[in-house]
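Here is a friendly walk through one structure, from its helix packing to its sheet and an aromatic pair. Please keep the viewer open as you read.

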Amino acid sequence: YICGEESAMIESIEGKRGLPRHRPPFVAAVGIHNRPTLVHNVETLLWVARVVREGPECLNAVEHNGRTGLRSYSVSGRVKNPGVHLLPAGSTITDIIAACGGMLEGHVFSAYQPGGPSSGLLPASINDVPLDFDTLQPLGTFIGSAAVVVLSDQDSPRAAALNMLRFFEDESCGQCTPCRVGCEKAVKLMQAETWDQPLLEDLTTAMVEASICGLGQAAPNPIKSILKYFPKEI
């Protein structure tokens, strides 16, 4: 997971342990084998090839909710047909659940993870925002990898957030103290019956400001989303 961070991936390609590099210098100036390097997502390269073959219309002919283009949403959770769904970039969570055939029988939509574990959770009441780049930041989250997880009334947002922090605790490369110790401490605090909100807020601030890469900086987002949108849970 840590090699999803561009400099850690470059370290791994060079035959070294996948650890994020300190910045500056940025990889665009000093990347693989100390040469300037541009790092692209595979999905980006796929669309470049398709646009070259088919023309720009394959993307710009699709418009929804004021957004242009298509996006691959990887959907899991309490939906009838989970999987990767190619949908308009302006799709809302309501559109995405509909594309998956709706909720499973006996399940009522309650919350969702809009873009991977780093994005935290949003309540079902926020169902009219396009899941696209730059649309979710005002809500304290982001589209990220577009890995959408749909929760129902039979799931606990608090438990889901704890599961995300356990994931980050396991996937941290351990190079920097704010992420390595912060994730471990967060998991312990989140297991308490009642959360110590001031201490968790201090911890999230330290992790965001002092971690050297995106993993540690984004790991507290599930905590912040629970504090903001699901206060009764804690």
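Angles between axes under 35 degrees count as roughly parallel, over 145 as roughly antiparallel, 65 to 115 as roughly perpendicular and the rest as oblique. The axes themselves are lines fitted to C-alpha atoms, for helices over the stretch in contact, and the angles run from 0 to 180 degrees between N-to-C directions. This is a predicted model, in which local features need pLDDT of at least 70, side-chain atom pairs count only at pLDDT 80 or more, and totals for chains, interfaces and linings use all residues. Residues are numbered from 1 along each chain as its sequence is written, and side-chain values use heavy atoms, with hydrogens and water left out. Helices (H or I, at least four residues) and strands (E, at least two) are DSSP runs, numbered from the N terminus.

## Helix packing

Two packed helices are described by the angle between their axes and the distance between the axes.

| Helix pair | Angle between axes | Axis distance |
|---|---|---|
| α5 and α9 | roughly 165° | within 9 Å |
| α6 and α7 | about 160° | 10 Å |
| α7 and α9 | roughly 140° | within 10 Å |

Let us begin with α5 and α9. Their axes cross at roughly 165°, and the two helices are therefore roughly antiparallel to each other. Their crossing is left-handed, a term used if the near helix is turned anticlockwise from the far one by less than a right angle (right-handed if clockwise). On the α5 side, P157, R158, A161, M164, L165 and F168 meet P222, I223 and I226 of α9; contact here means heavy atoms within 4.5 Å. By class, this contact has eight nonpolar residues, no polar ones and one charged. For these classes, Ala, Val, Leu, Ile, Met, Phe, Trp, Tyr, Cys and Pro count as nonpolar, Asp, Glu, Lys and Arg as charged, and the others, Gly among them, as polar.

Helix α9 (residues 221-229) also holds K228. Which residues does K228 touch, leaving aside its neighbours within four places in sequence? They are P138 and L139. Between K228 and D153 there are 75 residues in sequence and 19 Å in space, C-alpha to C-alpha.

Helix α9 meets α7 as well, with axes crossing at roughly 140°. That makes α7 oblique to α9, and the crossing is left-handed. From α7, Q197, L200, E201, T204 and V208 take part, and from α9, I223, K224 and L227. The contact of α7 with α9 divides into four nonpolar, two polar and two charged residues.

On to α6 (residues 177-190) and α7 (residues 197-210), which pack at about 160°. These two are therefore roughly antiparallel to each other, and α6 passes α7 in a left-handed crossing. The contact draws on P178, G182, C183, K185, A186, L189 and M190 of α6 and on L199, L200, L203, A206, M207 and A210 of α7. Among the residues of this contact, 11 are nonpolar, one is polar and one is charged.

## The sheet

Now for the strands: an open sheet of five has the order β4-β3-β7-β5-β6, with mixed pairing. Two strands pair if DSSP finds at least two bridges between them. At the edges are β4 (83-88) and β6 (122-123), each pairing on one side only.

Strand β3 (residues 70-77) runs antiparallel to β4, and six bridges join them. A hairpin of five residues connects β3 to β4. Within this pairing, R71 stands opposite L87, and L70 stands opposite P88. Towards β7 (residues 147-152), β3 runs parallel, with four bridges; here S74 stands opposite A147. Strand β5 (residues 109-113) and β6 pair in the antiparallel sense over two bridges, and the bridge partner of Y112 in β6 is L122.

## An aromatic pair

How many aromatic pairs does a search of the whole structure find? It finds four. Rings of Phe, Tyr and Trp (its six-membered ring) pair if their centres lie within 6.5 Å; planes under 30 degrees apart count as stacked, over 60 as edge-to-face and the rest as tilted. One of the pairs is Y1 with F168, edge-to-face at 6.2 Å centre to centre and 65° between the planes. This pair links distant parts of the chain, 167 residues apart: Y1 lies in the segment before α1 (6-13), and F168 in α5 (residues 157-171). F168 is also among the α5 residues that meet α9.
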